[in-house]
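Dear colleague,

Please find the structure below.

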Amino acid sequence: MAQMLINHLDPPLPCSGKVFKTFAAEKLSPEWQDWKWQFRNRITSLEQLKDYICVTAEEEKAFQAAGKNLPFAVTPYYIDLIDPLDPNDPLRKTVIPRMTEFTTTAAEMVDPCGEDSHMPVPGLVHRYPDRVLFLVNETCSVYCRYCTRSRIVGSGKHKVEFEEVYDYLRNHPEVRDVLISGGDPLVMSDEKLEGIISNLRAIPSIEVVRLGTKMPTVLPQRITENLVNMLKKYHPFFMSIHFLHPNEITPEVERACNMLADAGIPTFSQTVLLKGVNDDPVLMKSLMQKMLKLRIRPYYIYQCDPVQGTSHFRTSIDKGLEIMEHLRGHTTGYAIPTYVVDAPGGGGKIPVSPDYVLSREPGKTVLRNFKGDVYEYIEE
Ligand SMILES: *Cc1c(COP(=O)(O)O)cnc(C)c1O
């Protein structure tokens with residue numbers, strides 16, 4: 001922890017004595033629970049943000065330079081989780097622009113996972129033999145500064161040819177699993193989303209429909225009775241939820257995740273490993289355990305993709321391995337996700353794991369356990 005603070009210290013804050021607005025009054029009103037209110041009242045400008053958070057000089061500069069990059073938006077709910085005076089608040093770093101977004105390192109790319117080159121139809125990424133990624137929109141409720149799809153989100157340029165996608169899937173019966181993502185598909189109305197899911201469900205070769213979202217974390221009010229009652233008509237239906245930090249686990253999030261689980265929707269987590277946010281084995285273990293308590297099965301920890309302007313977020317693969325080493329054997333197996341590198345250039349997700357096999361020879365494998373004790377397995 002000490003090290004990550006040193007990495008990210010900003011100049012002293014220019015806000016001493018300033019009193020910041022809070023959402024204390026709004027939180028008492030029923031509209032706080034209304035997801036459409038949360039969405040409509042998102043903080044989308046520097047001027048608005050300054051009312052709630054002490055913005056550093058560097059962040060202010062980044063706002064002024066913005067426009068050619070990722071848009072800015074944060075829900076009132078999520079802003080409320082951020083300490084207004086702490087420039088190192090972990091959630092703050094993930095949503096407020098920094099000047100580093102405007103520098104590109106040699107290894108960084110616009111489309112690091114090579115999605116655009118694997119699109120047989122606009123909006124559909126078909127990389128793996130039996131499953132596809134369906135990017136149904138480009139809008140999110142909150143824009144993550146490390147977004148792997150910053151080339152698309154909020155650009156106004158993302159094209160989706162829905163009818164062509166359904167035709168493609170009807171003509172490709174080898175596809176048995178569709179992952180709906182975006183943008184964030186839960187930004188859509190229940191009706192629009194149901195249109196998409198029911199069209200997919202009408203294709204007999206599609207066995208599994210799943211949806212990737214950050215809404216339960218950044219706008220948990222989105223999970224309503226109406227939504228879960230709609231989704232549960234389309235079982236087997238699964239959800240992957242983006243979580244970053246234990247500070248995101250709130251009573252509202254707990255309520256949302258319980259509603260999903262009670263509707264029989266299995267939920268899985270996706271966490272991006274981010275420097276100064278969650279690159280700490282103790283913190284990551286706590287996050288995994290907290291998610292498991294919400295009946296979310298930790299699924300993936302992603303090495304941060306080399307997307308343009310994200311160098312300040314990237315950690316070493318050694319750090320990821322250290323985190324995995326701290327999980328396996330030390331906590332419930334259910335709480336242990338797979339650490340993956342989404343291969344730059346479009347090779348797909350590749351698991352990376354600490355080495356527990358010390359040596360192999362015919363008939364004999366030498367292994368170590370989580371404590372470092374060495375064992376032999378003899379094959380006769
Ligand atoms: C992540 C991903 C999937 C789903 O992968 P699983 O490992 O099955 O969860 C499918 N298609 C693309 C292009 C992906 O990036």
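A polar atom of the E108 side chain lies 3.1 Å from the backbone nitrogen of S311. This is a predicted model, in which local features need pLDDT of at least 70 and side-chain atom pairs count only at pLDDT 80 or more, while totals for chains, interfaces and linings use all residues. Residues are numbered from 1 along each chain as its sequence is written, and side-chain values use heavy atoms, with hydrogens and water left out.

The side chain of E108 also makes a polar contact of 2.8 Å with the side chain of R314. A polar contact is a pair of N or O atoms within 3.5 Å; within protein, one must be able to donate a hydrogen and the other to accept it, and residues adjacent in sequence count only if both atoms are side-chain atoms. E108 sits in the loop between α7 (90-95) and β1 (124-125); helices (H or I, at least four residues) and strands (E, at least two) are DSSP runs, numbered from the N terminus. E108 counts as buried because its relative accessibility is 6%, where buried means under 20% relative accessible area, exposed over 50%, and partly exposed in between (1.4 Å probe, protein chains only).

Turning to the sheet, nine strands form an open, mixed arrangement in the order β1-β2-β3-β4-β5-β6-β7-β8-β9; two strands pair if DSSP finds at least two bridges between them. β1 and β9 (348-351) stand at the edges with a single partner strand each, so one side of each has no neighbour in the sheet. Strands β4 (residues 208-213) and β5 (residues 237-242) run parallel and are joined by five bridges. R210 has F238 in β5 as its bridge partner.

Yours sincerely
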